[in-house]
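Student: I'd like to go through this protein and ask where the labels come from. Can we take them one at a time?

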Amino acid sequence: MVLSRLIMQTYILGIESSCDDTSAAVILDDVILSNVTASQDVHQKFGGVVPELASRAHQQNIIPVIETAIQKANIVKNQLSAIAFTRGPGLLGSLLVGTSFAKAFSLGLNRPLLEVDHLQAHILSHFIRNTDRTNPIPRFPFLCLTVSGGHTQFVLVRDYFVMEIIGQTIDDAAGEAFDKAAKIMGLPYPGGPLIDKLAQQGDPRRFTFAKPNIPGLDFSFSGLKTSFLYFIRDELKTDPDFIEKNKEDLAASIQSSIVDILMLKCKMAMDKIRAVHPMSLWPDIAIAGGVSANSGLRRALENARDKFGWNIFIPPIQYSTDNAAMIAIAGYFKFLKGEFGSQSATPYARSNGVKSKFIICSPVSQTFHHTQR
Ligand code: KG4
Ligand code: ZN
């Protein structure tokens with residue numbers, strides 16, 4: 001059964017609707033044929049995603065996005081072997097649009113459903129192959145830093161669906177830190193990409209902000225945000241044009257503070273893992289999620305590769321921020337396992353709302369059972 005699935009060509013439709021991007025992708029085995037995303041500008045003027053508006057926009061976008069993805073893949077819908085969709089975590093109203101569509105499409109086509117966890121999918125995007133299948137992929141077990149708008153986590157990835165969270169933020173996510181800093185500077189939502197763009201012309205050492213002192217592999221970004229806020233508030237008292245005059249240096253300085261916090265913990269995590277089980281882990285480290293698009297973080301990881309000899313895995317930009325290609329590849333691995341979804345599956349808003357059986361939150365010392373390579 002498994003062998004016949006491996007031999008046949010598997011076309012899977014991936015559907016992502018967890019936040020404010022409506023995305024659909026078609027994958028042929030592990031190679032992406034199409035990946036179409038409709039972003040929602042409607043939130044910009046509100047300075048953040050408005051859940052009700054997000055679900056309405058998903059309703060408008062979902063059919064044209066899926067039709068385009070199937071057309072671009074140059075297939076007809078009856079060729080699809082299965083329908084993969086994001087079940088959570090995310091905004092419930094948004095998830096419901098993708099989930100309901102996937103269920104109806106699966107019934108109409110008489111094809112199985114594949115339920116995908118959004119965070120696992122970000123990580124599994126590293127297994128998408130180029131057409132010639134020459135791009136390197138991480139080896140299990142490896143460390144993944146997942147940095148998005150809602151999450152900042154270290155995940156020890158033992159297998160496609162055997163993942164352990166070994167550290168995470170205790171307050172804001174890294175993406176939130178970027179977005180909040182941008183908001184303080186008067187930039188529209190989402191501010192992360194705008195900070196990144198401004199930072200390229202700025203001096204990252206011009207301003208310094210309070211760094212957190214959190215033990216172990218956990219993160220905190222709320223103190224940094226407050227430090228940035230108070231600094232700007234004080235400067236504006238003496239010069240109302242302070243932000244405008246210094247926006248490049250401010251962006252570069254806050255970006256480098258966030259990247260430094262992430263990289264310091266990456267070094268700590270890699271050292272800790274290799275000290276506990278020197279033979280069990282390749283020095284493979286991946287980054288995933290929207291903030292992995294950040295040019296400062298990408299550069300810092302490249303420097304760490306040169307300095308510490310890590311094998312680094314940085315996703316292509318189109319697979320960093322939310323996209324359906326990652327849902328399709330995660331669905332493909334579920335398909336190979338024969339792990340099909342159910343018409344009664346309901347979306348979940350938070351990872352720990354429905355205990356995903358693949359993700360176990362536990363302290364680092366308890367999670368490193370020896371893994372044979
Ligand atoms: O993974 P993602 O697209 O959605 C979530 O699952 O949350 O991540 C979105 C986050 C936002 O906070 C956005 O500002 C941030 O990723 N982001 C960036 C960049 N591109 C997206 N942050 C910094 N630099 C970027 N280039
Ligand atoms: Zn995401």
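This is a predicted model: local features need pLDDT of at least 70, side-chain atom pairs count only at pLDDT 80 or more; totals for chains, interfaces and linings use all residues.

Student: What makes the radius of gyration agree with that of a compact globule?

Tutor: A compact globule of 373 residues would come out near 21 Å, and the protein has 21 Å, so the two agree. Its C-alpha trace spans about 70 × 50 × 40 Å along the principal axes. Within that there are 11 helices and 11 strands, and buried residues make up 54% of the 373 residues.

Student: Why is aspartate 172 called buried?

Tutor: Buried means under 20% relative accessible area. Aspartate 172 has 8%, so the label applies. You'll find aspartate 172 in the loop between strand S8 (162-168) and helix H5 (174-184).

Student: How do you know that aspartate 172 and lysine 180 make a polar contact?

Tutor: The cut-off is a pair of N or O atoms within 3.5 Å, with one able to donate a hydrogen and the other to accept it. The side chains of aspartate 172 and lysine 180 are joined at 3.2 Å, so they qualify. Aspartate 172 also touches Phe221, Ser222 and Lys225.

Student: And phenylalanine 228, why is that one buried?

Tutor: Its relative accessible area is 0%, and the limit is under 20%, so phenylalanine 228 counts as buried. Phenylalanine 228 sits in helix H7 (residues 222-238).

Student: Which residues does phenylalanine 228 touch, leaving out those up to four places away in sequence?

Tutor: Ala181, Ile184, Met185, Phe209, Leu250 and Ile254. Methionine 163, on the other hand, is 65 residues from phenylalanine 228 in sequence and 34 Å from it in space, C-alpha to C-alpha.

Student: Back to H5: which of its residues are buried, and what covers them?

Tutor: The buried ones are Ala174, Gly175, Ala177, Phe178, Asp179, Ala181 and Ala182. Their cover includes strand S6 (142-147), strand S7 (152-159), helix H6 (192-199), H7 and helix H8 (242-276).

Student: What is the phi of the glycine just after H5?

Tutor: Glycine 186 takes a positive phi of about 80° there.

Technical notes:
Residues are numbered from 1 along each chain as its sequence is written. Chains are lettered from A and ligands numbered from 1 in the order in which they are written. Side-chain values use heavy atoms; hydrogens and water are left out. Helices (H or I, at least four residues) and strands (E, at least two) are DSSP runs, numbered from the N terminus. Buried means under 20% relative accessible area, exposed over 50%, partly exposed in between (1.4 Å probe, protein chains only). Contact means heavy atoms within 4.5 Å. The radius of gyration is taken over C-alpha atoms; the globule rule is 2.2 Å times the number of residues to the power 0.38.
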